Amino acid sequence: MAQKYENIMVAVDGSSESELALKKGINVALRNKSNLLIAHVIDTRALQSVSTFDAEVYKELEEEAQKLTSSYQEMAKEAGVEQVEVVIEFGNPKTLLATTIPDEHKVDLIMVGATGLNAFERLLIGSSSEYILRHAKVDMLIVRDTEKLL
């Protein structure tokens, strides 16, 4: 029995790996005639060390995220994906991408780019892809840039 995905979420952060995941996500969405959700999470954990709350920083980060996701949404629509939605959230990317956003949007496939973290960095901050893999309730596809592996 072939699996047909109806709601595919691609997590994007502006990296080349996440853009590759988006391109592959567009192809999977086209093959499955699926809805595509482009998700971007602004990591507020990094901003908590700032002693004074500066609303302007949040506004700038949100504007950058909107520009990025709008261009990705346009890319998907131009490729022929009929239903493309964008979600931008503030918070912990790991938990939001693993469970919160997929639950809210009835996602049945999560696609993410492989991170470039080495073993020491993963030990210190953890890999988002690894966290999502362990906690997601749905299928997940980690997209690798094979050229970087050579």
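Buried residues account for 37% of the 150 residues in the chain. The model is predicted. Its secondary structure comes to six helices and five strands.

**Fold and contacts**
- Read from the N terminus, the elements of the chain follow the order β-α-β-α-β-α-β-α-α-β-α.
- Of the contacts between residues at least 6 apart in sequence, 76% join residues at least 24 apart.

**Surface**
- The chain exposes about 9100 Å², and carbon and sulfur atoms supply 50% of that area.
- D54, E56, E60, E62, E63 and E64 form a negative surface patch.

- E56 lies in helix α2, which covers residues 55–79.
- The relative accessibility of E56 is 42%, so this residue counts as partly exposed; the partly exposed class lies between the buried limit of under 20% and the exposed limit of over 50%.
- E56 is one of the residues that make up the negative surface patch, together with others including D54 and E60.

**K94, in helix α3**
- K94 is found in helix α3, made up of residues 93–104.
- K94 counts as buried because its relative accessibility is 12%, and buried means under 20%.
- K94 and H135 are 41 residues apart along the chain, and their C-alpha atoms are separated by 9.1 Å.

Note on methods:
Residues numbered from 1 in each chain as written. Predicted model: local features only at pLDDT ≥ 70, side-chain atom pairs only at ≥ 80, totals over all residues. Heavy atoms only, no water. Patch = residues over 30% accessible without salt bridge, like charges linked within 9 Å, V, L, I, M, F, W, Y side chains within 5 Å. Areas by Shrake-Rupley, 256 points an atom, 1.4 Å probe, with all protein chains shown as cover. Salt bridge = Lys/Arg side-chain N within 4 Å of Asp/Glu carboxyl O. Lys, Arg positive; Asp, Glu negative; His and termini not counted. Charge placed at Lys NZ, Arg CZ, Asp CG, Glu CD. Helix = DSSP H or I, 4+ residues; strand = E, 2+ residues; numbered from the N terminus. Buried < 20%, exposed > 50% of the residue type's maximum accessible area, 1.4 Å probe, protein only. Contact = heavy atoms within 4.5 Å.
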